[in-house]
Amino acid sequence: MSATMTEDTPAKGVVGTRMLRREDPALLSGEARYVHDLVVPGALHMAVVRSPYAHARVTSVDVSGALGMPGVAAAFSGADLAGEWGSAMPCAWPVTADMQSPPHFPVALNEACYVGDAVAVVLAGSQAEAQDAAGAVAVVYEELPAAVDLEDAASDRVLAHSDLSSNRAYTWELTPDADAVTRAFDAAAVTVKERYVQQRLIPAAMEPRGVCVVPQPFGGEYLVYSATQIPHILRTMLGITAGVPEERIRVVAPSVGGGFGSKLDVYAEELLCLVLSRRLRKPVRWSEERSEAAQATIHGRGQVQEIELAADTDGRVQAVRVRLLADMGAYMQLVTPGVPLLGAFLYHGVYDVAAYSFTCTGVFTNKTPTDAYRGAGRPEATYAIERAMDALARKVGTDPAEVRRRNFIGADKFPYASAAGLLFDSGNYEGALDAALELVDYEGLREEQARRRGQGASKLLGVGLSSYVEMCGLAPSRVLASLNYVAGGWEAATVRMLPTGKVQVVTGATPHGQGHVTSWSMIIADKLGVSPEDVEVLHSDTAVSPLGLDTYGSRSLAVGGTAIALAADRLIDKARLLAAHRLEVAPEDLELSSGQFSVRGSPSSAMALGALAFEAFTAHDLPQGMEPNLEASATYDPTNFTFPFGTHVAVVEVDAETGKVDLVRYSAVDDCGNQINPLIVDGQVHGGIVQGVAQALFEEAVYDDDGNLLTTTFTDYLVPAASEVPSFSLGRTVTPSPSNPLGVKGIGEAGTIASTPAVVNAVVDALSHLGVVDIAMPVTPERVWRSIGAAAPGTGGGR
């Protein structure tokens with residue numbers, strides 16, 4: 001990785017340094033424990049019988065064959081379990097008042113609506129015995145026509161549910177000024193109209209899902225272990241759906257091996273383990289197989305996008321108009337219908353656009369449900385506008401970098417009220433572009449590209465740009481309410497200094513690879529003047545951290561980290577009062593430095609925070625009305641989203657004879673505001689870039705015409721390895737957010753948001769002189785080869 005374009009400001013403390021992650025030794029040495037590692041004596045293992053048809057009536061389910069198999073304790077059909085549910089499975093985002101959402105139960109009752117839909121469960125003494133017995137369950141199906149293709153499903157030619165009159169779940173529109181949009185397009189000297197397809201993606205976290213429910217001896221309480229991103233939300237939804245009082249459910253997320261949004265959900269298997277544990281009074285567990293995960297865990301993306309730009313002859317964009325078809329899959333999962341709306345406000349990107357219109361229609365298909373996947377709506381929006389900006393550059397005969405410069409929101413316009421209704425907090429988009437172009441030697445690349453074309457080289461060079469902005473820190477609660485989201489956007493934290501001077505932090509944010517323990521301990525170290533190693537971070541257990549809204553949407557630092565900082569400030573305020581009392585001075589006469597209060601002008605009169613913690617613990621001499629112990633809590637509800645931004649540049653070589661694409665260079669300049677730990681920032685960007693590159697070049701969930709998923713293993717579903725990407729050159733600019741006291745913005749999804757259009761733009765750029773203007777994702781060698789042939793008939797696909 002190259003040196004950054006903007007040098008680090010010398011850190012005054014721990015924050016801003018490249019501290020190694022405290023979590024990693026346990027994760028790398030095998031000491032961390034995942035759900036599958038838990039030893040639970042007497043647990044029954046659950047296997048799920050799944051529909052082999054995309055759409056079928058379930059005529060009968062006979063579990064008697066399974067009950068006679070070795071080790072089997074019980075087996076149930078959907079009808080057997082129908083009385084266990086307090087409600088259907090939850091959807092927390094009814095985006096419109098008239099949204100259709102077919103009741104979704106953990107085990108289908110009468111109709112299976114996708115390949116993988118559960119139709120029965122078997123419980124046995126071991127996982128192998130349960131899986132063997134699942135094969136003995138006799139299910140009679142009546143196969144029905146399946147709605148598989150998204151655009152065909154939108155026509156209602158085939159209905160995905162027999163009890164619905166239409167596959168259209170909802171239509172949601174954001175058009176602040178329809179007349180302004182119409183006028184802009186009527187008057188436009190140049191228009192661009194593009195159609196893009198966001199293929200379905202399979203999240204493929206390193207750890208598949210797992211759940212284990214252990215009934216407690218007394219009181220009807222349940223301990224739920226789950227590989228989840230959302231233990232707090234899961235607890236609430238388990239209570240509602242299974243009819244168990246919420247206070248009797250304790251959810252623990254042990255070590256979680258990645259999530260990327262796929263574990264931001266309430267799944268059938270979690271609910272089944274709970275109700276079966278209640279029914280049988282035994283621990284019940286389930287571990288997902290990798291091929292099972294391809295069908296039973298949500299998919300990401302799945303959209304058909306139509307985007308139009310109205311511009312003048314210089315390529316200055318006056319209006320953006322977007323229409324989406326969004327694939328819901330067979331059912332609404334937790335936030336399925338709202339995922340496209342997370343990008344709805346951002347299809348104008350980083351550009352100063354006066355008029356804006358967005359419409360999304362959600363459509364049911366007989367495929368695995370979709371839901372949040374890294375970036376959740378924002379990668380889709382960035383892909384559409386950044387591909388369209390390259391199309392505009394071609395149309396007006398301008399370099400892609402220049403057309404972006406002409407349209408950027410100026411740095412002097414922040415805070416910027418967008419045409420879509422958001423208030424962008426801060427930004428310097430041209431600065432990020434300049435830094436990225438310098439990193440990659442943009443002018444030199446253009447010269448090399450021209451040289452190769454002039455020589456008729458078969459290895460063609462392409463350069464792709466992507467300038468992005470995203471909204472992070474999912475909040476504030478009032479805004480979420482206006483979007484019909486049922487939860488809020490706050491986060492809670494408690495900070496306590498123990499009598500020995502050590503510190504405990506309790507956080508409602510739940511890590512699964514983000515490095516929260518390290519970052520939170522760094523914030524506290526600087527606030528309280530302690531070593532990061534003296535800070536214990538407690539998380540992911542609803543009994544220890546009863547309040548929280550968990551981790552997703554790059555919200556952890558901007559919301560959860562701010563809550564921790566505010567709690568620390570409140571602890572300091574209490575300690576200040578105690579120090580003033582003991583030193584017999586006014587609180588305002590004290591200053592805090594390196595964990596010690598001293599009297600201004602008299603540094604010899606001082607008390608350390610650790611000593612004050614012991615004094616607060618003994619409570620022998622506290623100010624009147626002060627409660628014992630140094631502890632403070634805060635619940636933070638932001639006033640605005642945060643808006644990270646940046647520019648990424650991809651450089652590819654395309655073999656015109658074979659269609660093979662090699663990503664040979666990649667530079668990224670990101671601005672996430674103030675950085676707590678630049679090393680963690682770099683790691684998040686690295687991983688994000690690879691996931692975005694994967695969508696551009698490798699990954700696609702492929703179905704046949706009957707709705708069978710053909711890509712259920714890593715033999716068929718191509719997840720890139722480190723050998724398939726180059727080293728990344730990373731830079732940064734720092735534009736603090738005014739929306740929170742830490743000045744932070746979020747970085748976990750930036751790489752995924754920016755990299756996909758950068759790579760596809762680069763491939764199209766390499767072939768643009770041949771007449772190629774678009775290639776569907778993933779950009780496979782065959783698709784490249786065929787695109788060359790279609791653009792230049794008679795070449796046979798190659799040159």
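Biologist: Where does Asp156 lie?
Modeller: In this predicted model, Asp156 is in the loop between H4 and E7.

Biologist: What is phi of Asp156?
Modeller: Phi of Asp156 is near 65°, a positive value in a residue other than glycine. Most residues other than glycine have a negative phi.

Biologist: Which residues is Val158 in contact with, leaving aside neighbours within four places in sequence?
Modeller: Val158 is in contact with Pro145, Ala146, Ala147 and Asn167.

Biologist: How many residues apart along the chain are Val158 and Asn366?
Modeller: They are 208 residues apart along the chain, and their C-alpha atoms are separated by 10.0 Å.

Biologist: Change of topic. At what angle do H15 and H16 pack?
Modeller: Helix H15 (residues 556-583) and helix H16 (residues 609-618) pack at about 85°, and their axes are 10 Å apart. That makes H15 roughly perpendicular to H16.

Biologist: Which residues meet there?
Modeller: From H15, Ala575, Leu578, Ala579 and Arg582 meet Leu609, Leu612, Glu615 and Ala616 of H16. By class, the contact of H15 with H16 has six nonpolar, no polar and two charged residues.

Biologist: What does Leu592 touch, not counting residues up to four places away in sequence?
Modeller: Leu592 touches Lys527, Ile572, Phe597 and Leu609. Leu609 is also among the H16 residues that meet H15. Leu592 itself is in strand E22 (residues 590-593).

Biologist: What about Ala619, where is its place?
Modeller: Ala619 is in the loop between H16 and strand E25 (630-636). Ala619 has a positive phi of about 60° although it is not a glycine. Its relative accessible area is 31%, so Ala619 is partly exposed.

Biologist: Now the cis bonds. Which peptide bond to Pro415 is cis?
Modeller: The bond from Phe414 to Pro415 is cis, with omega near -5°. Pro415 lies in the loop between helix H10 (400-407) and strand E16 (416-417).

Biologist: And what is omega for the bond from Met777 to Pro778?
Modeller: Omega is near -10° there, and the bond is cis. Pro778 is in the loop between helix H18 (750-767) and helix H19 (781-791). Most peptide bonds are trans.

Biologist: What does Thr382 contact, leaving aside neighbours within four places in sequence?
Modeller: Thr382 is in contact with Ser466, Tyr468, Val469, Ile753 and Pro757. Thr382 sits in helix H9 (residues 378-396) and counts as buried at 4% relative accessibility.

Biologist: Last topic, the domains. What does the assignment give?
Modeller: The domain assignment gives domain 1 (24-32 + 490-636), domain 2 (35-144 + 208-256 + 263-296) and domain 3 (300-474 + 640-791).

Biologist: How many Å apart are the C-alpha centres of domain 1 and domain 2?
Modeller: The centres lie 40 Å apart. The contact takes 17 residues from domain 1 and 15 residues from domain 2.

Biologist: What area is buried between domain 1 and domain 2?
Modeller: The buried area is about 1300 Å², and carbon and sulfur atoms give 51% of that.

Key:
Residues are numbered from 1 along each chain as its sequence is written. This is a predicted model: local features need pLDDT of at least 70, side-chain atom pairs count only at pLDDT 80 or more; totals for chains, interfaces and linings use all residues. Side-chain values use heavy atoms; hydrogens and water are left out. Contact means heavy atoms within 4.5 Å. Axes are lines fitted to C-alpha atoms, for helices over the stretch in contact, and angles run from 0 to 180 degrees between N-to-C directions. Helices (H or I, at least four residues) and strands (E, at least two) are DSSP runs, numbered from the N terminus. Angles under 35 degrees count as roughly parallel, over 145 as roughly antiparallel, 65 to 115 as roughly perpendicular and the rest as oblique. Ala, Val, Leu, Ile, Met, Phe, Trp, Tyr, Cys and Pro count as nonpolar, Asp, Glu, Lys and Arg as charged, and the others, Gly among them, as polar. Domain bounds come from an automatic or database domain assignment. Buried area is the accessible area (1.4 Å probe) that two parts lose on being put together, summed over both. Buried means under 20% relative accessible area, exposed over 50%, partly exposed in between (1.4 Å probe, protein chains only).
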